[in-house]
Every structure is written in structure tokens, then in C-alpha cells.
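The sequence and structure come first.

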Amino acid sequence: GFGPLDMTVCILGSPTPFLPVLLEGGTRCPGAMVLCLSPTWASRVPSETAPGAWSLLLSRGVSFKVGGHSALETFVPPRRANYVTGTFAPGDPECGWVGELARDLDCPTGGSVPLAHRLEDTLVARWVLAARANLPVPPTLAFVLGARGDLPTEPVAPGVRLVRLEDPQGQQSLVQEE
């Protein structure tokens with residue numbers, strides 16, 4: 001029951017991982033799915049509803065319609081995004097501007113750069129799955145240099161053994177022992 005003026009789902013960055021979502025969204029709610037391919041197509045303005053947050057306004061975007069049809073549109077006045085997601089993957093060249101535009105928004109988002117960093121860290125993911133969700137993980141022996149603030153000092157996680165190394169030099173016997 002929503003139309004393009006009522007709802008704007010914004011995908012920031014590369015369309016490749018989101019193409020099925022864009023096509024299906026265009027079929028179910030023509031014009032509501034908008035792909036933003038450039039940081040110059042969007043702007044952040046202070047939110048009128050959430051102090052300290054931002055609203056994302058789109059001045060241009062590729063909108064999707066029934067049958068996979070898409071069109072590059074200019075929005076006058078700019079359209080406010082009601083939901084935002086995008087390519088937050090670390091190492092992706094677009095990650096910088098996508099993450100910046102999606103930071104501290106007043107609408108729901110489908111991820112963030114910090115979340116992408118955490119999900120791509122195998123050690124953190126295994127620790128969370130084993131310690132917090134009580135799910136089995138492959139036996140893991142991890143050597144960590146120095147303090148890692150994202151892991152507890154004493155991680156107790158079934159199947160995960162963490163060995164902290166202060167300095168890699170002179171630690172060969174500890175590594176061999178573990």
C-alpha cells in the first residue's frame with residue numbers, strides 16, 4: 001500500500017549484492033527502491049524528529065519499477081530515505097562514503113562499517129557464537145598481539161583458545177607449547 005512518495009528504501013554503493021532486492025522491491029512497490037551510486041546524489045541534514053541524528057535526502061537515484069525497469073531520476077524536492085543499507089564491507093573502495101552517509105541516521109539501517117568489521121573478524125565471530133549464543137564452533141587456537149579491546153580479557157568460549165602475546169620476539173616456546 002505504499003507508493004514512491006510514502007517510502008524510500010535507499011541502497012548506497014554497488015548494486016551487485018542488492019540486485020535481487022532492488023528488482024523485487026521495484027515489482028512490489030514501484031519507484032520506492034532507489035539506488036544511490038554517488039555521494040553527490042545524497043545529503044545529510046539534521047533530523048527534525050531525533051536530536052543528534054541525521055536524515056538522508058536523495059537528490060538523484062536510480063529507481064526500480066515493475067519488470068526490472070530502472071530509471072535515473074532527479075528528485076525535486078529531495079526524497080527522504082526511510083530505510084538505508086549498502087556496501088559496508090571493509091576493503092570495498094566505496095565503504096568510506098557509504099559508511100559516512102549511513103552513520104547516525106534517524107531511519108533504520110541495514111548495517112554499518114563497525115558491524116561489517118566485526119562480522120568479518122573470524123575470531124570475534126567465533127567467540128560471540130560460542131560464548132554468547134552457545135553454538136559449536138570449529139576448534140580455534142588464536143594468537144593475538146597485545147590488547148584487543150573487542151575481546152574480553154578472559155574469553156571463556158567452548159572451542160576457542162586465546163593466547164595473548166606481548167611481543168612476537170622471544171615467544172616461540174609459548175607458541176610451540178600451545
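A nonpolar core is a set of buried Ala, Val, Leu, Ile, Met, Phe, Trp, Tyr and Cys residues joined through side-chain atoms within 4.5 Å. Buried means under 20% relative accessible area, exposed over 50%, and partly exposed in between (1.4 Å probe, protein chains only). This is a predicted model, in which local features need pLDDT of at least 70 and side-chain atom pairs count only at pLDDT 80 or more, while totals for chains, interfaces and linings use all residues. Residues are numbered from 1 along each chain as its sequence is written, and side-chain values use heavy atoms, with hydrogens and water left out.

**Nonpolar cores**

- The largest nonpolar core has 27 residues, and those with the most contacts inside it are Cys10, Leu12, Leu22, Cys36, Leu56, Leu58 and Val84.
- At least two residues of this core come from each of strand S1 (9–12), S2, strand S4 (54–64) and helix H2 (95–102); helices (H or I, at least four residues) and strands (E, at least two) are DSSP runs, numbered from the N terminus.
- A second, separate core has 9 residues, including Leu123, Trp127, Ala130 and Ala142.
- In soluble globular proteins, nonpolar side chains tend to be buried together.

**Cysteines**

- The count of disulfides is 0, a disulfide being a pair of cysteine sulfur atoms within 2.5 Å.
- The closest cysteine sulfur to that of cysteine 10 is in cysteine 36, and because the distance is 5.2 Å, it is too far for a bond.
- Cysteine 10 has a relative accessible area of 0% and is buried; cysteine 29, at 15%, also counts as buried.
- Beyond its neighbours within four places in sequence, cysteine 10 is in contact (heavy atoms within 4.5 Å) with Val34, Cys36, Leu56, Leu58, Ala81, Tyr83, Val84 and Thr85.

**Methionine 33**

- Methionine 33 is in strand S2 (residues 33–36) and is buried, at 7% relative accessible area.
- Its contacts outside four places in sequence are Val9, Val21, Leu22, Gly25, Gly26, Val62, Ser63 and Phe64.
- Methionine 33 and valine 62 are 29 residues apart in sequence, with their C-alpha atoms 8.2 Å apart.

**Other side chains**

- Serine 38 is in the loop between S2 and strand S3 (42–46) and counts as buried at 17% relative accessibility.
- Arginine 79 lies over the face of phenylalanine 75, 5.0 Å from the ring centre; a charge sits over a ring if NZ of Lys or CZ of Arg is within 6 Å of the ring centre and within 35 degrees of the ring normal.
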